[in-house]
Amino acid sequence: MHKIGFYRDGNGDLNIQGIKITSLAEKYGTPLFIYDAGLMKERYNTFFDTIKEVQGNIHYAVKANDALSVISYFAKLGCGADIVSIGEFEKCIAAGMSPQKIIFSGVGKDNHEIEFALKNNILQFNIESEEELNDISTIASRLKLTANVCLRVNPDIAPKTHKKISTGEKETKFGIDFQNVKSIYKKLHQLDFINPVGLGVHIGSQIFDFNFFYRAYLNLKNLADELRLSGYTVPTLDLGGGIGINYDNSSEPDFNNYKKIILNLFKESGYHLSFEPGRSLIAEAGILITKVIRNKKTKEKNFIIVDAAMNNLIRPTLYDAYHKIETVKKISNTEIIADIVGPICETGDFFALDRKISKVNSNDLLAIRTTGAYSSVMRSNYNARKDAIEVMIYNENDFQIRKDEAIKDIISKEEIIVFD
Ligand code: LLP
């Protein structure tokens, strides 16, 4: 049995489940995403233990990584899904997940998406406005199909994370204003073909100060308690996702602390709970392997130019995100300070700026760590660059889960109309 996650062997080379990363790069080429199913399972099991003393279900937030094999693996482990588009819904169904385990979140569900989800027996809609409720009610009545509806509350809490992934403040587009929730929840009970299932909250992603979770959950529970006292049924509370993970790989997600909060608030509270973790289940299980094209030295800087680019991993430039980067082979003692950049023609195409890193040569391999979540899934074909291959490691074997995209595949999506 090999260690879980990426580790260095006796020679100091990076390995996964007894397989050398260099051999995977040789077999599949670069840039290459590698996922460790062992670590995904470990994180899932820990999250499961975290919530097992309360009545809870895990709905993996598919947006973190919607590779079919990843969804299918989490489904096998027991997860349902949290989705935000019919595209994600169809991917979950294709991956073998039951629609009865899928929650449809998101502020902009289009009417055709609502209709499709209803006809295909989706578990629940988490809705974000009264306007959306009216649309769902009209569609459900026309189809004579009952929609299970949960209201996403906006608790007006700013959880100290990057502003682009903070979703719990009044100024954001998310959720229903706290003071309007009760009246809309009451309305749910008056509408035909609408079944009220509860309240939900998701205040953002990459959260480390769990007092913010505590406050948001407490507000939600108080509101639900008040509704119950007034005679309304509130079976479920959806607590969203957002647990922070350490991008320097210094420690595991703080599930222990999270557990304390959950038990403190919800043990024997009589609420059924749903959780929507994304990043904390898969981020650390992924790495992106890239080849050094060449070094470039200017008066001002050292640049290490690699064959991956912002079309493969946009987090550093989009959120100023830190990703640890290390050589795949034994780390040497000679270090330089360099910008690690891709070939795309934008100054924003970087993975790290002024980073201390081992001196490397052309064709050396670098591992960009913690790229299991919000990495390949946010890819694009910018600069007519093809998608990276993805490989999943399961039981000490490698499985290619994303085919090599050929430039002709990119070209074939278009029509050439010759205008004269
Ligand atoms: N539930 C809802 C309604 C969400 O909007 C999200 C994430 C989650 C659950 C999962 O949150 P997690 O456990 O993964 O933090 N692209 C950004 C992250 C965007 C998160 C969007 N919503 C990044 O790369 O940091």
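1. The largest cavity in this predicted model is lined by Phe 47, Tyr 217, Gly 240, Gly 241, Gly 242, Ile 243, Tyr 258 and Pro 277. Sorted by class, the residues of this lining divide into five nonpolar and three polar, with no charged residue among them. The volume of the largest cavity comes to about 30 Å³, and a search through the whole structure finds one cavity of 30 Å³ or more.

2. A reader new to the structure may next turn to the largest pocket, whose volume is about 710 Å³. Of the 35 residues that line this pocket, those closest to its centre are Lys 63, Thr 167, Phe 174, His 202 and Tyr 374. Two elements, α10 (279-282) and α11 (315-319), are the ones that give two or more residues to the lining of the largest pocket. By class, the lining of the pocket is made up of eleven nonpolar, 13 polar and eleven charged residues.

3. The ligand is surrounded by 17 residues, of which the closest are Ser 205, Glu 276, Arg 315, Tyr 319 and Tyr 374. For Arg 315, a polar side-chain atom is placed 2.6 Å from an oxygen atom of the ligand, and for Tyr 374 a polar side-chain atom likewise lies 2.6 Å from an oxygen atom of the ligand. The backbone takes part as well, in that a polar backbone atom of Gly 278 is 2.9 Å from an oxygen atom of the ligand. Taken alone, the ligand exposes 600 Å², and the protein buries 91% of that area.

4. Two points of backbone geometry deserve a careful look, given that most peptide bonds are trans and most residues other than glycine have a negative phi. In the loop between α1 (21-28) and β4 (32-36), where Pro 31 lies, the peptide bond that joins Thr 30 and Pro 31 is cis, with an omega of about -5°.

Methods
Residues are numbered from 1 along each chain as its sequence is written. This is a predicted model: local features need pLDDT of at least 70, side-chain atom pairs count only at pLDDT 80 or more; totals for chains, interfaces and linings use all residues. Side-chain values use heavy atoms; hydrogens and water are left out. On a 1 Å grid over the protein atoms alone, a cavity is a set of points where a 1.4 Å probe fits but cannot get out, and a pocket is an open set with protein on both sides within 12 Å along at least five of seven lines; lining residues have an atom within 4 Å of a point. Grid points are joined across faces, edges and corners, and a volume is the space filled by probe spheres set on the points. Helices (H or I, at least four residues) and strands (E, at least two) are DSSP runs, numbered from the N terminus. Ala, Val, Leu, Ile, Met, Phe, Trp, Tyr, Cys and Pro count as nonpolar, Asp, Glu, Lys and Arg as charged, and the others, Gly among them, as polar. A residue is near a molecule or strand if one of its heavy atoms lies within 4 Å of it. A polar contact is a pair of N or O atoms within 3.5 Å; within protein, one must be able to donate a hydrogen and the other to accept it, and residues adjacent in sequence count only if both atoms are side-chain atoms. Accessible areas come from the Shrake-Rupley method with a 1.4 Å probe; for residues, only the protein chains shown count as cover.
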